[in-house]
Amino acid sequence: MATAFEKHPTGTAWVVEDRDSFRVARTTFTDQDVLERERAAIFDRCWLYIGHESELPNPNDFVRRAVGGRDLVFNRDRKGDYHAFFNSCPHRGAAVVREDKGSAISFKCFYHGWSFNNNGAFATRFAAGTYPEDFNKDGCANLVAVPRLAGYAGFWFVNFDANAESLEDYLAGAKDFLQVVADHGADGMEIVGGIQEYSVRANWKLLVENSFDGYHAHETHSTYLEYLVDAIGGPAELFPSRGNISRAYDLGNGHAVIEGPAPWGRPVAQWIPAWGEDGREEIAAIYAELEKRLGKERAEQVAYGNRNLLIFPNLVINDIMAITVRTFYPEQPDYMNVNSWALAPKGEARHFRKRRLDNFLEFLGPGGFATPDDVEALESCQRSYRNRAAAGWNDISRGMLRDEPLADDEAQMRAFWREWDRRVAKAG
């Protein structure tokens, strides 16, 4: 049964849950009213990913990012401190920074030439009498900083709500899984190459679900699994019934993860026959370093535990045959923009870096085995929601009666939807 607050303004429940069933109304994927509520209750109030520390390796570095419907500048000042500013000149509103990335000790607006130090302070000099002597005494001419900026394990986030809980409290149980990713590299992690940008004609929450949906893998990605057979020298079994079993975990605050073994090679340290005997020796050396640095249990988790992690609402880290960091934002109820980056250990051997990036492009890239399949599936769902008046519900009940959910159950999606419903209901 639905809880008391799980009601749409029209009286139709959004989320209906009882002991053995969990359903979500398809209007949540199609209604403009729902999107407006999401913007107010989620994207204006949750911690949102802005970038990785490796993208700003030196003082004065900057990147420009679109986050939660805002144009932001993420940068380090001359002292090396991190900042996030709204990319809007306090004079007339033009974008101050127009490059996607770079290094600068100051920023200058192209419109009227107002300048700012890279800590955001107004730095323009005018002739005497142009403005009062105490102009900017209240900071009105400085770049406006985002209310909250914080980092954890190399991942940096912003929050547009000045009164939001701390990032560490917000991350809850997800902190350990972010640290697992950070633990791949003895010298830290780095974003490799540029950004992949593409759009999908589907609601953003469909990509949330898809990103840690183990249930669809065998059907939707069968071509990739067939391709893997030659590389691994045997059956490509995603969810083995023997030994370690992939599990789903609710990490609190809407965050969730699926984690477990998988058949593909992992440059962090899971060898496959396609890499040859030399590759086997190198993988053994990588694993030995992990075990020495992290201990046996953590080393095994890092090396052999594939994981798809969601940080609510829209940061997905796929730590599988490569590491992908992905965000996606709604432009319309049925249209989203997706950004993704490859993440890798610093100092990785050149040929292992190549294998990692090949894996990244081959499966996770917009032209790889997986992403076109997923896009087709999500867009098919979105088109079929035109039938929502007659067929109005999605079922997310798989595995509800299981005490320890499996990765191909849907417990991780239910964790997301409960938090979504709690937040969006308040917006009403």
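**Burial and overall make-up**

I'm working from a predicted model, where local features need pLDDT of at least 70, side-chain atom pairs count only at pLDDT 80 or more, and totals for chains, interfaces and linings use all residues. Residues are numbered from 1 along each chain as its sequence is written, and side-chain values use heavy atoms, with hydrogens and water left out.

Next I looked up the elements and found 11 helices and 19 strands (DSSP runs numbered from the N terminus, H or I of at least four residues for helices, E of at least two for strands). I also checked contacts (heavy atoms within 4.5 Å): of those between residues at least 6 apart in sequence, 63% join residues at least 24 apart.

**Helix H1**

Which residues of helix H1 (residues 32-43) are buried? I get Val34, Leu35, Arg37, Glu38, Ala41, Ile42 and Phe43. Down the axis of H1 they fall within an arc of 165°, so they line one face of the helix (the arc is taken from the directions from the helix axis to the C-beta atoms). Their cover includes strand S3 (48-52), strand S5 (70-76), helix H4 (204-211), strand S17 (323-332) and helix H11 (411-426).

**Aspartate 183**

I found aspartate 183 in the loop between helix H3 (174-182) and strand S12 (189-200). Buried or exposed? Aspartate 183 counts as buried because its relative accessibility is 11%. Its side chain makes a polar contact with the side chain of arginine 298, at 3.0 Å (a pair of N or O atoms within 3.5 Å; within protein, one must be able to donate a hydrogen and the other to accept it, and residues adjacent in sequence count only if both atoms are side-chain atoms). Leaving aside neighbours within four places in sequence, aspartate 183 touches Leu290, Arg293, Leu294, Arg298 and Val302.

Technical notes. Buried < 20%, exposed > 50% of the residue type's maximum accessible area, 1.4 Å probe, protein only.
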